[in-house]
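Hello,

Here is the structure I promised to pass on to you. Please have it open while you read, and my notes will follow below.

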Amino acid sequence: MQFYLDGYNPGDPDILAAAPGAENQPAGLPETVDVLIVGAGPAGMLLAAQLSTFPSISTRIIDRRDGPLQVGQADGVACRTVEMFEAFGLSEKLVRESYWVNETVFWRPSPDDRSTITRTGRVQDTEDGLSEFPHLIVNQARLLQHLSDYMLKAPTRLVPDYGLEFVTLTIEPEGDYPVVVTVRDVGSGAETSIRARYVVGCDGARSRVRDAIGAEPRGDFANHAWGVVDMLAVTDFPDIRLKAAIQSADEGNILLIPREGGYLVRLYVDLGEIDPNNRDAFRLNTQEMVIETAQRVLRPYTLDVRDVAWFAVYQVGQRVTDRFDDVPADEAGSRLPHVFIAGDACHTHSAKAGQGMNVSMQDTFNLGWKLIAVLEGRAKPELLRTYTTERHAIAQGLIDFDKEWSKIMASPPTDPAHPELGGVDPAELQAYFVKSGRYTAGVATHYPPATVLTAAATHQALAAGFPVGMRFHSAPVVRLADARPMQLGHAARADGAWRIYAFADASGQRVRALMRFLAESENSPIRRFTPEGASIDSVIDVRAIFQQGHRDLKVEELPALLLPRKGRFGLIDYEKAYTPDLKTGPDIFDLRGIDRGTGAMVVVRPDQHVANVLPLDAHDDLAAFFGRFLLDRR
């Protein structure tokens with residue numbers, strides 16, 4: 001963590017200096033705003049957190065609720081999501097407070113007495129080396145509180161406006177603030193208008209923003225019902241503190257998720273198929289009825305529920321909205337988007353795979369840096385077209401996966417004595433769980449070269465462990481200047497900047513030549529695309545990883561670009577150069593398949609996805625890649 005750049009300031013270094021006027025904002029919504037976010041759920045709050053760091057961007061987030069969420073809703077936090085939260089400096093809080101999903105157990109009807117269940121399998125939840133972070137369980141309300149705290153400490157001191165609901169919008173063909181939004185005060189019913197450059201609808205499965213732009217959800221309607229209960233209970237079920245997939249012979253299935261705090265547990269209880277002639281009948285299931293079903297599924301074990309923190313019944317449907325912005329397909333080449341939707345407004349599915357909240361936040365992590373780049377004048381507005389292209393494909397993949405997973409979870413187990421009755425073999429359930437581990441961990445997202453942001457994997461062999469289009473998979477290194485062991489990926493912040501990780505060649509000559517090019521050449525993307533007066537790493541942040549141990553290199557002999565001068569005092573940033581962690585290993589060059597002879601450049605997007613892999617001497621190719629979407633600021 002770096003601070004004191006512009007002078008010593010005592011106190012909490014997470015509290016950044018407030019932008020002018022940020023701490024004395026007038027009540028009510030302003031007449032105009034750069035970005036209006038509708039919905040203060042995970043997708044909306046993650047987007048707001050990104051934008052809150054930029055005083056030049058005016059942002060407001062509204063929500064029809066009367067205050068922050070307190071209980072219930074989503075709870076699974078995938079490894080990839082924790083990686084994203086690290087970019088906000090929030091991963092330690094999540095990891096400390098959460099339940100860690102270390103192993104998953106599988107239960108099926110006992111062969112001796114099919115009215116009871118027995119354990120049939122136990123697997124590691126996340127494969128070794130998949131991420132430096134575990135799979136976590138934490139209350140969605142608490143996760144949102146972390147994001148809210150981050151916003152309060154950001155320069156804009158952004159606070160959600162609760163008690164305001166979106167009514168409708170219109171988009172004017174011209175003007176600096178072309179989106180006119182009507183907002184209603186939930187308490188008084190009074191309506192007002194606000195103009196925005198961009199609007200992002202994160203307002204859930206019944207999204208009014210989605211309706212206002214004429215986007216349509218497509219797919220299967222709900223066909224299966226589940227009850228979910230967060231409870232404090234006394235039980236003799238031995239795996240109450242392990243994630244468990246439980247199949248009974250005749251009473252249905254349970255997905256058991258231990259919760260944070262050591263005592264709370266969540267049960268997803270199978271309520272069976274939905275009657276197409278009476279689709280709302282499942283809502284008649286009461287809390288008591290769902291608990292009684294769970295007690296029958298768990299026999300011969302007992303479940304004595306002492307307190308219920310949250311209860312809900314819901315239906316499972318898999319749907320994807322046809323587009324994620326306001327531009328119809330037949331106008332995509334002639335219009336620029338100004339309204340976007342994210343999260344449940346785009347895709348709805350079951351909660352069994354724990355992907356809803358995670359994929360929703362990935363939506364806005366993708367969109368946020370693009371809005372920043374356009375609003376700060378770093379990139380052309382055409383960049384925003386890539387949001388729908390990239391995220392719609394991811395959402396469709398999620399639905400395809402969820403259909404298969406939900407079908408397996410809702411199916412009864414096979415009866416060895418009556419195989420003709422069908423069902424799912426418990427071994428098949430366990431095998432599918434293991435097979436889909438990368439997907440549920442959130443690290444399977446791949447952006448193909450369908451937009452200007454992702455290059456063809458022509459030089460992938462130079463850095464085989466950093467696949468183009470996949471998230472940048474962090475690894476241990478040692479920071480050269482202070483010998484601190486750390487994760488390389490943790491050097492990146494949610495600041496809208498691109499990263500170039502330059503892995504040095506054996507002689508070190510190519511990486512030094514690259515640093516000279518980036519620092520001195522008229523064709524350098526840093527010199528071309530960084531605004532005058534801005535920090536040298538504000539648009540493209542360059543880091544170098546050398547092959548030697550940290551005691552075999554001299555800081556004073558580093559290229560000047562790796563010791564940049566920053567801030568009003570021209571202080572030196574010593575945190576740009578790294579070496580392998582040879583003490584605890586493994587060596588990052590070996591772990592990520594870096595060609596030791598030639599080295600490699602790994603270009604990483606602000607949302608932590610690898611955009612390009614190039615040879616260290618591919619200077620012109622590097623400049624051309626950034627020239628595809630960044631604006632020349634000279």
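This is a predicted model: local features need pLDDT of at least 70, side-chain atom pairs count only at pLDDT 80 or more; totals for chains, interfaces and linings use all residues.

Residues are numbered from 1 along each chain as its sequence is written, and side-chain values use heavy atoms, with hydrogens and water left out.

**Domains**

The domain assignment divides the chain into domain 1 (32-93 + 135-217 + 320-393), domain 2 (98-133 + 219-317) and domain 3 (460-628); such bounds come from an automatic or database domain assignment. Between the C-alpha centres of domain 2 and domain 3 there are 46 Å. Even so, five residues of domain 2 are in contact with five of domain 3, where contact means heavy atoms within 4.5 Å.

Helices (H or I, at least four residues) and strands (E, at least two) are DSSP runs, numbered from the N terminus. I call a residue buried under 20% relative accessible area, exposed over 50%, and partly exposed in between (1.4 Å probe, protein chains only).

In helix 6, the buried residues are Val290, Ile291, Thr293, Ala294 and Val297. They are on the same side of helix 6, because they cover an arc of only 155° around the axis; the arc is that of the directions from the helix axis to the C-beta atoms.

Leu298 belongs to the loop between helix 6 (287-297) and strand 16 (303-321). Its relative accessibility is 2%, so Leu298 counts as buried. Apart from neighbours within four places in sequence, Leu298 is in contact with Ile117, Phe237, Ile246, Ile254 and Leu303. Phe237 is 61 residues from Leu298 in sequence, yet the two are 7.6 Å apart in space, C-alpha to C-alpha.

**A buried aspartate**

Asp63 is part of strand 2 (residues 59-63). With a relative accessible area of 8%, Asp63 is buried. Not counting residues up to four places away in sequence, Asp63 touches Gly39, Ala40, Gly41, Asp161, Tyr162, Gly163 and Leu164.

**Salt bridges**

Side chains of opposite charge can pair when their charged atoms come close. There are 51 salt bridges in the structure, each being a side-chain nitrogen of Lys or Arg within 4 Å of a carboxyl oxygen of Asp or Glu.

One of them joins the side chains of Glu23 and Arg157 (3.4 Å, N to O). Glu23 lies in the segment before strand 1 (32-38) and Arg157 in the loop between helix 4 (140-153) and strand 8 (161-162), so this pair ties together parts that are 134 residues apart in sequence. Glu23 is exposed, at 55% relative accessible area, whereas Arg157 is buried, at 14%.

Arg527 bridges to Glu522, with 3.3 Å between the closest N and O atoms, and Arg527 is partly exposed at 36% relative accessibility. Asp590 and Arg596 also meet in a salt bridge (3.2 Å, N to O). Here Asp590 is exposed at 55% and Arg596 partly exposed at 28%.

There is a network of salt bridges too, linking Asp495, Arg499, Asp537, Asp541, Arg543, Lys566, Asp573 and Lys576.

**Aromatic rings**

The whole structure has 22 aromatic pairs. Rings of Phe, Tyr and Trp (its six-membered ring) pair if their centres lie within 6.5 Å; planes under 30 degrees apart count as stacked, over 60 as edge-to-face and the rest as tilted.

Tyr4 and Tyr8 form a tilted pair, because their ring centres are 5.0 Å apart and their planes at 45°. Tyr4 is partly exposed at 38%, and Tyr8 is exposed at 64%.

Trp498 and Phe629 have ring centres 4.9 Å apart and planes at 25°, so they are stacked. Trp498 lies in strand 21 (residues 498-503) and Phe629 in the segment after helix 14 (619-627), so the pair ties together parts 131 residues apart in sequence. Both Trp498 and Phe629 are buried. Ring pairs also link Trp369, Trp498, Phe625, Phe626 and Phe629 into a cluster.
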